[in-house]
Amino acid sequence: MTACLISSATLTTGSDLLAAQKAATSSKPAAGGSSARGQILSLSCSSCHGTDGKSVGIIPSFYGKSPQYLEAALKDFKSGARYSTVMGRHAKGYTDDEIRMIADYFGTVWQKNK
Amino acid sequence: MSQNISRRDFSKLLVSGVAGSALGIFGGAKPAFAAKNRVVVIGGGFGGASAAKYLKKLDPSLAVTLVEPKETFFTCPFSNWVLGGLKTMQDIGQTYAVLKNRYGINVLVDSAVAVDAAKGTVKLKSGAVLSYDRLIVSPGIDFKWGAVEGYSEQAANTKMPHAYQAGPQTELLLKQLLAMKDGGKVLICPPGNPFRCPPGPYERASLIAYYLKEKKPKSKVIILDAKEKFSKQALFKKGWEKRYPGMIEWRAGTTGGKVTKVDPASMTVFTEFGQEKGDVVNIIPPQQAGKIAIDAGLTDASGWCPVNPVTFESTMHPGIHVIGDACIAGAMPKSGFAASSQGKVAAASIVRLFQGKVPAPPSLVNTCYSLIGPGYGISVAGVYKLSAEGIVEIPNSGGLTPIDADDDQLNEEASFARGWYNNIVQDIWG
C-alpha cells in the first residue's frame, strides 16, 4: 500500500514527502480518468472560469476545447505572446509539464459529461 | 503572513499529519470497507460548500452532510459593492438548493456545538449527533471581543458595525451610511495581520467614497489602521487620487492609526495620539478561528488552526480537516477564493485517502479583485505550492495589476471582477 510508505519513519523532510508523492501519483489515473496531479492542478481554475471550464459570466469559457488548444493558449499567456489582464500572472505559476496536465484535464473532462 | 515554524518542525508536522491520515484509514475506529464513507462538513461558506460539492463531484458514492445555520449565506466578497449601492443584499445571497437536490448533499440548517474527535462525532444545536469518517471544519472567523477596549458584540450590533461577516451587519452599516448627513465623517478601523480579506477594508473605503461622492460630496472617509502598510496599497492610493481626491485619508498604526479603545455612546474612537469622532464608525476587530474550531481543540496559541498542507488535516486531531480563514495556510491570504481552493484540495485528498491512495501534492490558487469604483478594478493573483517551508508562493508568478495599467485594462479588470463573482458562486453553490 502506498499509504504505508508515507507513515514510514524514513521520510524526514518535506522534500522527501513531496518526492514520494510525486512518484506515487504522477501517472496514476484518478476518478475522472486524468492523473491525480492533473486534477489537483486544475480544480482551482473553475473558480474564475466556471465548473469544468463552463463560464456563466464575462470570463472566457473553455468547456469543450481540446487539450492541444488549451496547452497552446496557456503557454502563450505564460510567455506573454497573448495579452491578458490576469491570466499571464497565473500561467507563470506552472511548468510546461503542469500546463500539459491542466490542458489534458480540461480538454477531456467535458467528454465525460456527454 | 509567515509560517512561523522551523524547517525541522515543518517536516515533522508534515509526516505526522499524513501518518494520522493513514491511521484513519487502516487503524482507526471506522471499518475501512463501510458501505458508504461519511464526511461531515461544518460551515457552508466558500470553503465548506466547495469541499462538500467537490467531494460529491469527485466521488458520488460518499455520504456528505453539510451543517450550516443560515438558509441564505451572504458572501463577504461583493458586500462592499452593496455598501457602494452597486449591488443589493439579494445579489449576494447564496442558497443550498442545488447542493441538496442536484448533488445529493445532506444539508442541515443547524449549528455544530461540539466535536468528539475520539469518537468521530459532531453534536448539533438541535441535539442531533452525526458520526463521521472524516470531518471538515470550515467555520471562518470569530472576533476577539474586548481586544479593542469598549468594543463588544452589542456595540457591533447597535452602534459600530464590523460588517465583516456579511448579512445583518452589512445592512446596519449600509443603513447608517444612507442616514448620514452630507459633510459627515466615516471611520474605518482595520486590525493588524492576519485577518480575513486583506484588501477588504480598502475596497470598502473606495466604494463608500464612491457613494459619498455621488450623494454626499462634502463627506470624508478616514482609515485608522493598526498596520503600517496594506494590501494593494500603491494601487489603492493611486485609485483614490484619481477617483476621490481629498476624500480618503489613511493613517498608519504608528502615526495615530491604531485604535485602542472605543466609546460607542459618543461614537468616538481613541488612538495613541488622541481621539476621533465619527458619524459612521466601522470597527474591524482582531480575529481568530471560528468558535467551533477553538472548542474542538483545533487551534494553537495563535488562535488559528495548524494543518498538514497536503491534506489540510489538522495536526491537533487526525481525521479532522480545517480549511478556509480558520486554518494556517502559509503564504495564502484569508480569502474566499483561497478557502474554495483549499476546500477542493481537501476534497480531492479525502477521496484519495478513502481509496487508500496517497493524496497528490497540493496546488493552490488565490485571485482577488477589488473595485475602486465602477469601471476601475484591480486584482491580486497567487499560485502556491508545497515546499519544505510549507505553502509558498511560486516565484515569478502571480502578483498585482501593474501600477501603470491604462484605463482600458482597469475597466477590463472591473468587468472581470463581476465575472469572477458570477463564476465562483456558481462553482460553489450552483
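**View 1. Chain A is built from helices.** From the N terminus on, the elements of chain A run α-α-α-α-α-α-α. That makes seven helices and zero strands. Helices (H or I, at least four residues) and strands (E, at least two) are DSSP runs, numbered from the N terminus. This is a predicted model: local features need pLDDT of at least 70, side-chain atom pairs count only at pLDDT 80 or more, and totals for chains, interfaces and linings use all residues. Residues are numbered from 1 along each chain as its sequence is written, while chains are lettered from A and ligands numbered from 1 in the order in which they are written. Of the 114 residues in chain A, 46% are buried. Buried means that 20 or more other C-beta atoms lie within 10 Å of a residue's own; exposed means 12 or fewer, and partly exposed is in between, with C-beta atoms placed from the backbone. Among contacts in chain A between residues at least 6 apart in sequence, 48% join residues at least 24 apart. Two residues are in contact if their C-beta atoms, placed from the backbone, lie within 7 Å.

**View 2. Helix α7 of chain A and its cover.** Helix α7(A) spans residues 96–112 and has 17 residues. From its first C-alpha to its last it reaches 25 Å, close to the 24 Å expected at 1.5 Å a residue. The expected span is 1.5 Å times one less than the number of residues. Buried residues of α7(A) include A:Ile99, A:Met101, A:Tyr105, A:Phe106 and A:Val109. Their cover includes α3 (36–42) and α5 (67–79) of chain A.

**View 3. A parallel sheet in chain B.** Five strands form an open sheet in the order β5-β2-β1-β9-β20 (chain B), with parallel pairing. β5 (106–108) and β20 (320–322) of chain B stand at the edges, each with a single partner strand, so one side of each has no neighbour in the sheet. Neighbouring strands of this sheet are turned by 15 degrees against each other on average, direction ignored. Helix α2 (residues 46–58) of chain B packs on the sheet and touches β1 (38–42), β2 and β9 (134–137) of chain B. The direction of α2(B) makes about 165 degrees with that of β2(B). Axes are lines fitted to C-alpha atoms, for helices over the stretch in contact; angles run from 0 to 180 degrees between N-to-C directions.

View 4. Strand β2 (residues 63–67) of chain B runs parallel to β5(B), joined by three bridges. Two strands pair if DSSP finds at least two bridges between them. B:Val67 stands opposite B:Leu108 in β5(B).

View 5. Strand β22 (residues 363–373) of chain B is mostly covered, with 11 of its 11 residues buried. β22(B) pairs with strand β23 (residues 376–387) of chain B in the antiparallel sense, over 10 bridges. B:Tyr369 faces B:Ser379 in β23(B), standing opposite it. The hairpin has two residues between the strands. There, B:Gly375 takes a positive phi near 75 degrees.

**View 6. B:Ala348 and its contacts.** B:Ala348 lies in helix α10 (residues 336–354) of chain B. This residue is buried, with 26 other C-beta atoms within 10 Å. Not counting residues up to four places away in sequence, B:Ala348 touches A:Gln39, A:Ile40, A:Leu43, B:Leu58, B:Pro359 and B:Ala360.
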